Amino acid sequence: MGEPVIGWDLGGAHLKAARLDAQGCIGSVVQVACPLWQGMEQLEEALGVVLSEVGAAQRHAVTMTGEMVDLFPHRAAGVTRLAAAMHDWLSPAELRFYAGAAGFLSADQVAAHTAELASANWLASATCVAAHRPDALFIDVGSTTIDLVPIVAGRVVARGRNDFARLVAGELLYTGVVRTPLMALAPAVPFEGGSVPLMAEYFATTADVYRLMEQLPEGADLHPAADGGEKSIAGSAQRLARMIGRDADSAPLDAWRALAAWFGAQQLRRVEEACDRLRAVHALSDAAPVVLAGVGRFLARDIATRRGWACLDFADLLSANSGNVDRTSDCAPAVAVAWLLQQA
């Protein structure tokens, strides 16, 4: 190992970083909002904030998903621009980019390996899990997406290696516990004894659902609400009501909580079906645990409880300071990519 490493996960909506000390123990873990689609200056501002918290280091490991935002004309351009930005910020420190089976690459190797570097953060996390649990289903429930990665005999056996293939294989679900528009969960909802078609408008998100259900973790919702309004029970109820052409004061709060619970159940069912399918395809026994990560891992924990599967948090696999256990699991790819570079 030898010296500290900072791991980075460059997302389209968040920047995550984790510092591992020379012995591999996890110190600072930070997540900040970074709406990359608004411009590269968002990344620069977020990098400044994160570095002020995690401090300096001579070794850095980077993974990313931010290359897919529509700021870039295509994903290869996104990879190269993000890599160049990190090089500019962190030089002359040692900087390595995670490319899955191609290993860790230097900045001058990035342009030739953009396909391997793009959206490889799930593979970093799963590879770390596989080194600690030979048989498992790794589930990272984030604000926007869910990664489902089967691990068998110490190997990541996911059928997809890029976003398209992972979507087809049911290993990437484009649904999350914060940023998913509610119109993506169902075409219609039950309300006051009838079935009400949803308005196809960005009126409310899953953050509103889990806030009303009192399940949304503190610090999980870092971006403005759909209407730019307050992030409160009343604000979420008003946004939810708009989805069916109502105002919140037209029904009791319990009615909006019940509707939120219905939305939550729809999302839970979709994830549960995907878990069942992957466990069956890869013949994972009930003894193979679910390893949980992401700010929405409470969703996967509910599924494990319902199915009787053993489960543990990603942080349980590694040495995290007591104050950083939740953050370690929230920001698993950043932690994992740092751990992998230390092992390389």
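Predicted model: local features only at pLDDT ≥ 70, side-chain atom pairs only at ≥ 80, totals over all residues.
Two packed helices are described by the angle between their axes and the distance between the axes. Helix α8 covers residues 253-281 and helix α9 covers residues 297-307. The crossing of α8 and α9 is right-handed.

The residues that make this contact are listed below by helix.

| Helix | Contact residues |
|---|---|
| α8 | Gln 267, Leu 268, Val 271, Glu 272, Asp 276 |
| α9 | Leu 299, Asp 302, Ile 303, Arg 306, Arg 307 |

Sorted by class, the contact of α8 with α9 holds five charged, four nonpolar and one polar residue.

**The nonpolar cores**

The largest nonpolar core has 47 residues. Which of its residues touch the most other members? They are Ile 139, Trp 256, Phe 263 and Leu 299. Elements that give two or more residues to this core include the strands β7 (136-141), β8 (146-152), β11 (188-191) and β13 (290-293). Among the helices that do so are α6 (206-212), α7 (233-242), α8 and α9. Helix α8 supplies the largest share of this core, nine residues.

Leaving aside residues up to four places away in sequence, Ile 139 touches Ile 146, Asp 147, Leu 148, Cys 275, Val 290, Val 291, Leu 292, Ala 293 and Ala 300.

Note on methods: Residues numbered from 1 in each chain as written. Heavy atoms only, no water. Axes fitted to C-alpha atoms, helices over the stretch in contact; angles between N-to-C directions. Helix = DSSP H or I, 4+ residues; strand = E, 2+ residues; numbered from the N terminus. Left-handed = near helix turned anticlockwise from the far one by under 90°. Contact = heavy atoms within 4.5 Å. Nonpolar A, V, L, I, M, F, W, Y, C, P; charged D, E, K, R; others polar. Core = buried A, V, L, I, M, F, W, Y, C linked by side-chain atoms within 4.5 Å. Buried < 20%, exposed > 50% of the residue type's maximum accessible area, 1.4 Å probe, protein only.
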